[in-house]
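Have a look at the picture, try each task yourself, then read the solution.

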Amino acid sequence: MRVLVTGGSGYIGSCAVRHLAAAGHEVVILDNLSTGHKELARGYELVVGDIADRKLVDGLLKRVDAVMHFAAFINVGESVKNPRKYYENNVEKGLALLDAVLASKVRTFVFSSTCAVFGVPQALPMTEELPREPINPYGASKLFIERVLESYSVAHGLKYAALRYFNAAGAHESGETGEMHDPETHLIPLALRAALGTGPALKVFGDDFDTLDGTCVRDYIHVSDLAEAHVKAVEYLNAGGEPVALNLGTGKGSSIKELIALTEEVSGRKLPHEYVGRREGDPPALYAAAAKAERVLGWKAKRDLREILRSALEWELKKSGVVGK
Ligand SMILES: NC(=O)c1ccc[n+]([C@@H]2O[C@H](COP(=O)([O-])OP(=O)(O)OC[C@H]3O[C@@H](n4cnc5c(N)ncnc54)[C@H](O)[C@@H]3O)[C@@H](O)[C@H]2O)c1
């Protein structure tokens with residue numbers, strides 16, 4: 001298939017591009033480089049532009065069979081302080097992209113959603129059927145697009161997969177792409193930088209949660225596992241599969257204390273860290289029920305937390321050499 005990948009110069013999109021190409025699909029990337037890096041698209045066709053540029057998108061849609069929509073702003077804390085920025089980029093521009101899709105012949109659409117659409121989960125592990133009650137504008141912006149997809153599939157025959165990632169982490173095996181957010185707010189790069197001495201001591205928000213060791217529990221999923229799920233999802237839709245929303249995680253939660261211990265083991269270094277108070281809105285535990293994705297797509301995560309940390313460490317060490325070349 002020929003696939004338009006919005007946000008393909010970002011972390012997860014650039015990894016998906018490589019897995020699509022490896023599976024024999026053709027890729028064209030559309031990215032405005034607002035948070036992405038053109039180095040991550042090296043070797044692939046990159047069109048620099050905005051998803052809301054209708055003329056540009058109309059032209060690109062003539063060349064493809066499907067869209068994978070990664071482009072968005074992703075920083076939860078920033079979305080609380082500046083919600084307009086998130087509603088504009090994730091909702092308004094997402095709607096503009098979908099307008100262009102509906103006006104085209106393309107009917108296959110894979111959407112980057114998030115476990116943040118659920119807010120504080122009412123049960124664990126988190127199944128697809130839990131109530132969706134996001135607790136921040138980022139999660140609300142993603143839920144809005146999920147609802148748009150649901151109604152466009154009924155009204156316009158749009159075939160979509162809304163893939164709700166848990167905590168994406170790790171780097172592609174080629175060493176060509178990995179996590180490069182600025183500012184970085186995700187735990188694993190921050191933990192590795194603390195261990196390597198290239199960043200400050202890790203702040204652990206809260207050690208008095210009702211979890212096994214008091215720290216937050218999250219489901220870390222390797223970015224290449226996510227990318228493989230995208231390839232399977234687009235192929236599933238192309239083969240006539242029904243529109244679907246799937247939670248993508250490993251099904252296993254890890255606490256921050258466990259993650260710190262494993263980071264020390266993998267890096268061979270002490271990880272300086274300090275416990276500070278809880279952050280508002282952090283649920284104690286989030287982990288996916290992985291059964292539906294396996295049933296629908298025949299997909300399940302293959303890489304464990306050790307592999308996530310190993311690849312992320314390699315990427316952290318290599319990164320300064322990759323960017324700007
Ligand atoms: N990183 C995670 O743990 C995580 C978890 C759940 C969901 N997601 C979702 O996955 C997607 C990708 O996240 P990421 O971590 O790769 O983020 P990222 O910031 O690395 O990538 C986003 C890319 O989209 C581009 N972009 C943003 N707005 C655009 C626009 N209007 N037009 C064109 N390009 C635009 C950026 O330049 C960037 O390259 C996002 O939709 C995010 O909400 C990420």
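**Exercise 1.** How many bridges join β8 to strand β13, and do they run parallel or antiparallel?

*Solution.* Keep in mind that this is a predicted model. Start by finding β8 at residues 202–205 and β13 at residues 273–276. Between them there are 4 bridges, and the two strands run parallel. Next, check the two faces of β8: Leu 202 and Val 204 are on the covered face, while Lys 203 and Phe 205 are on the uncovered one.

**Exercise 2.** Work out whether Tyr 275 is buried, exposed or partly exposed, and list its contacts.

*Solution.* Now skip the neighbours within four places in sequence, and Tyr 275 is in contact with Val 204, Asp 207, Thr 215 and Lys 257. As for Asp 213, 62 residues separate it from Tyr 275 in sequence, and the C-alpha to C-alpha distance is 13 Å.

**Exercise 3.** Describe the order of strands in the open sheet of 7 strands and find its edges.

*Solution.* Read across the sheet: β3-β2-β1-β4-β5-β6-β11, with parallel pairing. The edges are β3 (45–48) and β11 (244–248); each has a single partner strand, so one side of each has no neighbour in the sheet. On average, neighbouring strands are turned by 20° against each other, ignoring direction. Zoom in on β1 (residues 2–6) and β4 (residues 66–69), which run parallel and share 4 bridges. There, Thr 6 has His 69 of β4 as its bridge partner. Finally, spot helix α7 (residues 223–238), lying across β4, β5, β6 and β11 and running at about 165° to β6.

**Exercise 4.** Decide how helix α4 is oriented against helix α5.

*Solution.* Take α4 (residues 83–102) and α5 (residues 137–156): their axes come within 9 Å and cross at roughly 15°. Angles under 35 degrees count as roughly parallel, so α4 is roughly parallel to α5. The crossing is right-handed. Among the residues making the contact are Tyr 86, Val 91 and Leu 98 of α4, and Phe 144, Ile 145 and Val 148 of α5. Sorted by type, the contact has 15 nonpolar, 4 polar and 2 charged residues.

Note on methods:
Residues numbered from 1 in each chain as written. Predicted model: local features only at pLDDT ≥ 70, side-chain atom pairs only at ≥ 80, totals over all residues. Heavy atoms only, no water. Buried < 20%, exposed > 50% of the residue type's maximum accessible area, 1.4 Å probe, protein only. Pairing = 2+ DSSP bridges. Axes fitted to C-alpha atoms, helices over the stretch in contact; angles between N-to-C directions. Parallel < 35°, antiparallel > 145°, perpendicular 65-115°, else oblique. Left-handed = near helix turned anticlockwise from the far one by under 90°. Contact = heavy atoms within 4.5 Å. Nonpolar A, V, L, I, M, F, W, Y, C, P; charged D, E, K, R; others polar.
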